[in-house]
Each structure stands twice: as structure tokens, then as C-alpha cells.
Amino acid sequence: MPRPLVATIDISALQHNLLIAKSHAPDAKIWAVVKANAYGHGLERGMRGFAEADGLALIEPENALRLRELGWQKPILLLEGIFDAADLETVVRARLDFAVHCIEQIVWLERAGLNGPFDIHLKMNSGMNRLGFKPEAYRSAYQRLRANPAVGKITLMTHFANADEPLNPGLPLQQQAQQFEQGISGLSEERSVANSAADLMHPELKSDWVRPGIMLYGATPGGASAEQFGLKPAMTLTSKIIGIQRIGAGEAIGYGSRFVAAAPMVIGVVACGYADGYPRHAPNGTPVLVDGMRTATVGRVSMDMFSVDLTNVPGAAVGSAVTLWGKGLPIDEVAHAAGTIGYELMCALATRVTVVDL
């Protein structure tokens with residue numbers, strides 16, 4: 001028998017969350033973001049769940065090819081563009097759209113001498129300072145691409161650093177939006193600016209294409225809980241109790257003995273550990289459901305298992321059902337307790353975890 005640790009993917013939840021994204025941007029087209037193996041949910045499942053999207057977006061050229069092999073016929077966008085001139089062969093084979101964020105990518109495209117047409121998302125660095133042309137260099141990059149006969153449609157693109165925290169003193173959202181507007185002044189092409197947070201919370205930001213990511217998988221990009229946004233969890237990670245210990249006051253649990261019982265306790269051992277993607281740094285008190293009842297972790301997470309407090313979970317026994325996150329226990333709550341974000345927990349799901357469809 002396999003270990004009882006299972007990630008269940010709800011395709012209907014993916015479909016529902018896509019509809020939520022569409023409802024917030026009814027006049028825009030949707031790039032459903034499926035990078036990082038569809039945020040750990042599986043590329044094929046993402047393709048099925050987002051069948052009604054206008055296109056799929058990711059960063060991995062090899063997975064773009066895989067999407068074509070799986071039968072996806074609509075557009076596919078490489079969000080970070082090409083990493084080498086040789087990637088243009090993949091672009092041609094898989095009929096890909098791609099971002100252009102640096103002069104080197106423009107040079108590769110010019111030197112390739114390909115016929116195209118290639119549809120480009122020209123990225124501006126409007127203040128996040130990761131990828132993209134600064135506003136003052138943006139028009140020059142645009143004109144150079146427009147002069148290339150292999151270039152077809154150009155979409156004007158940027159990425160917001162703080163759409164979930166619009167008054168962030170480091171870079172207020174309005175300041176970044178203004179820098180984008182100044183950089184594209186006079187250009188009439190379509191725009192692609194809205195990530196999940198902008199889609200959900202900032203309808204005032206004009207975007208012809210929206211690029212929802214985390215919201216599609218049922219977690220929040222910030223600003224409110226996933227449930228408040230009407231999102232449904234697409235991944236539920238479950239396991240079972242595989243052992244029980246009854247300990248006395250003063251006894252310790254796990255590596256490092258960092259948890260010491262103040263009174264007699266019943267401790268359950270869960271078949272899940274950091275080698276499965278559960279965060280090793282999760283502290284005592286990280287929420288868990290056992291037989292549907294809320295309890296918490298105790299002691300350090302180890303490679304293949306961790307412990308939970310069963311003292312106030314009557315009837316818990318070897319074989320009792322455990323929910324690590326998902327339905328009944330929002331992944332964002334678990335992530336917050338562990339000092340991280342839901343994105344990381346989803347993407348960290350290990351290959352040894354059994355994944356099934358609901």
C-alpha cells in the first residue's frame with residue numbers, strides 16, 4: 001500500500017476560480033498562469049481547468065511544448081521570454097507568444113532572421129526593478145521591435161509590485177501605474193498589467209489582458225481571504241495518523257526537543273514531512289485538522305512525519321484522517337502560521353506525493 005499522503009485536485013474549483021477572474025474583468029482577455037507545473041497542481045490539470053481561458057502563460061519553454069503535445073491550441077505566452085537565441089526554435093515549433101524585457105532578446109530576434117510574425121509582450125520596468133525596460137527606454141525598444149518585419153502584434157506589459165498593498169510606502173500602486181502610463185504615452189496597443197491582486201481589487205487599472213495566477217488555485221494574493229473573494233481551494237492535502245504516543249509533563253517531542261509538554265498529552269504522528277513539501281520551519285501551533293477537528297503541530301517537522309496534539313480530539317486513532325491544507329483549512333492560514341505564503345506551499349509539493357483528481 002502507498003503512504004496515505006494524497007493531494008486531491010478539484011478541477012471544478014479551477015474552473016470556478018477562472019470564472020471569478022473573468023467576472024472582475026469582463027471586457028478583458030485572460031492569460032491563465034500555469035508556471036511551476038500549474039503551481040504544483042499539474043500542467044495537464046491546469047489545461048483542463050482553464051480550458052475557457054483565452055491563453056495559458058508560463059515561463060518554461062519545454063512546458064509550452066508539452067501543452068501543445070497535450071492538445072492546447074489557443075495562445076501560449078512565455079512570461080519571461082526566451083533565455084537564449086536557440087529558444088526561438090521552440091517559439092516557432094510551438095507557435096508561442098513571448099515577453100521581451102531586455103535588449104539582448106531584441107538582438108537575438110533580429111539576428112535570427114525568421115519570418116514570423118511573432119506576437120510580443122513588451123515589458124516595462126515601471127518600478128518593481130526585476131525585468132523590463134525603464135520607462136525612458138521603453139519607446140526605443142518598442143520602435144526597434146516595430147521595425148522588425150518578423151514582429152507582429154506588440155502588447156504593452158508591466159507587473160505590479162504592490163497591487164495587494166496599494167499604499168505601500170516603498171512603491172505605491174498609483175505611482176507605478178503612472179510611470180507605466182507615462183512610458184506608453186502615445187502608444188495605442190493592447191495592455192497587459194493585471195495580476196491576481198489587480199484583477200480582484202483594482203478595476204480602475206485598464207488592462208486588455210489580465211494574468212491571474214494564485215487566485216486560480218484558490219489562494220489569496222492578499223487584501224482579503226480567498227473565501228471573501230469567492231475563491232475555492234483547488235488542492236487539498238490529506239494524510240492519516242500513523243502512530244500515537246502518550247507522554248507526561250516534562251517530556252519532549254521530536255528533533256531538538258523544542259516542544260516540552262507542560263501536562264500529560266496525547267500525540268499523533270502524521271505521515272507527511274518536509275520531503276513531501278510541508279514546511280520544515282512550521283512552528284508549534286501550525287493548524288491541522290484531525291477527523292475534522294482543529295488542532296495543531298507540536299515539535300519539529302522531520303523528513304517524513306510530524307506530530308500533532310490529539311489531547312482534545314476524542315476518538316482519534318491510528319488511521320484518523322488529517323487535513324494539512326485545502327477544504328476546511330485554507331492554505332493561506334497554514335502558510336501564514338509557517339511564515340510563508342500559499343504560493344510556496346503549492347509549488348513545493350514533492351513528486352513522491354500521490355496526486356489524484358476529485
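By class, the residues lining the largest cavity come out as 3 nonpolar, 4 polar and 2 charged. The lining is made up of Lys-123, Met-124, Asn-125, Met-128, Asn-129, Arg-130, Leu-131, Thr-158 and His-159. This cavity has a volume of about 40 Å³, and the structure holds 1 cavity of 30 Å³ or more. Keep in mind that this is a predicted model.

Now zoom out to the whole chain. There are 358 residues, and 53% of them count as buried. The chain has 11 helices and 18 strands, and its C-alpha trace spans about 75 × 45 × 35 Å along the principal axes. Take the contacts between residues at least 6 apart in sequence: 62% of these join residues at least 24 apart.

What order do the strands of the closed barrel follow? The 8 strands run S2-S3-S4-S5-S6-S7-S8-S9, and the pairing is parallel. One piece of that is the S3 (residues 55-58) and S4 pair, which runs parallel with 3 bridges. Within it, Ala-57 sits opposite Leu-77 of S4.

The strand pairs described in this report go side by side here:

| Strand pair | Sense | Bridges |
|---|---|---|
| S3 (residues 55-58) and S4 | parallel | 3 bridges |
| S13 (residues 265-270) and S16 | antiparallel | 4 bridges |
| S15 (residues 293-298) and S16 | antiparallel | 2 bridges |

Is Val-34 buried or exposed? Its relative accessible area is 1%, so Val-34 is buried, given that the cut-off for buried is under 20%. Setting aside neighbours within four places in sequence, Val-34 is in contact with Leu-43, Phe-50, Leu-56, Ala-57, Leu-58, Leu-67 and Tyr-217. For a sense of scale, Pro-149 is 115 residues from Val-34 in sequence and 30 Å from it in space, C-alpha to C-alpha.

Next, have a look at helix H5 (residues 87-94). Its buried residues are Asp-87, Leu-88, Thr-90, Val-91 and Ala-94. Looking down the axis of H5, these buried residues fall within an arc of 155°, so they line one face of the helix. Glu-89 and Arg-93 are exposed, on the face of H5 turned away from that buried side. And what covers the buried residues of H5? The cover includes helices H4 (61-70) and H6 (103-112), along with strands S4 (76-78), S5 (97-100) and S6 (118-124). Just after H5 comes Arg-95, which takes a positive phi of about 55°.

Finally, on to strand S16 (residues 306-309). In a regular strand, side chains alternate between the two faces of the sheet. In S16, Phe-306 and Val-308 point one way while Ser-307 and Asp-309 point the other way, and all are buried. S16 pairs with S13 in the antiparallel sense, where Phe-306 is the bridge partner of Val-270. S15 and S16 also run antiparallel, and there Ser-307 is the bridge partner of Val-298.

Methods
Residues are numbered from 1 along each chain as its sequence is written. This is a predicted model: local features need pLDDT of at least 70, side-chain atom pairs count only at pLDDT 80 or more; totals for chains, interfaces and linings use all residues. Side-chain values use heavy atoms; hydrogens and water are left out. Buried means under 20% relative accessible area, exposed over 50%, partly exposed in between (1.4 Å probe, protein chains only). Two strands pair if DSSP finds at least two bridges between them. On a 1 Å grid over the protein atoms alone, a cavity is a set of points where a 1.4 Å probe fits but cannot get out, and a pocket is an open set with protein on both sides within 12 Å along at least five of seven lines; lining residues have an atom within 4 Å of a point. Grid points are joined across faces, edges and corners, and a volume is the space filled by probe spheres set on the points. Ala, Val, Leu, Ile, Met, Phe, Trp, Tyr, Cys and Pro count as nonpolar, Asp, Glu, Lys and Arg as charged, and the others, Gly among them, as polar. The arc is that of the directions from the helix axis to the C-beta atoms. Contact means heavy atoms within 4.5 Å.
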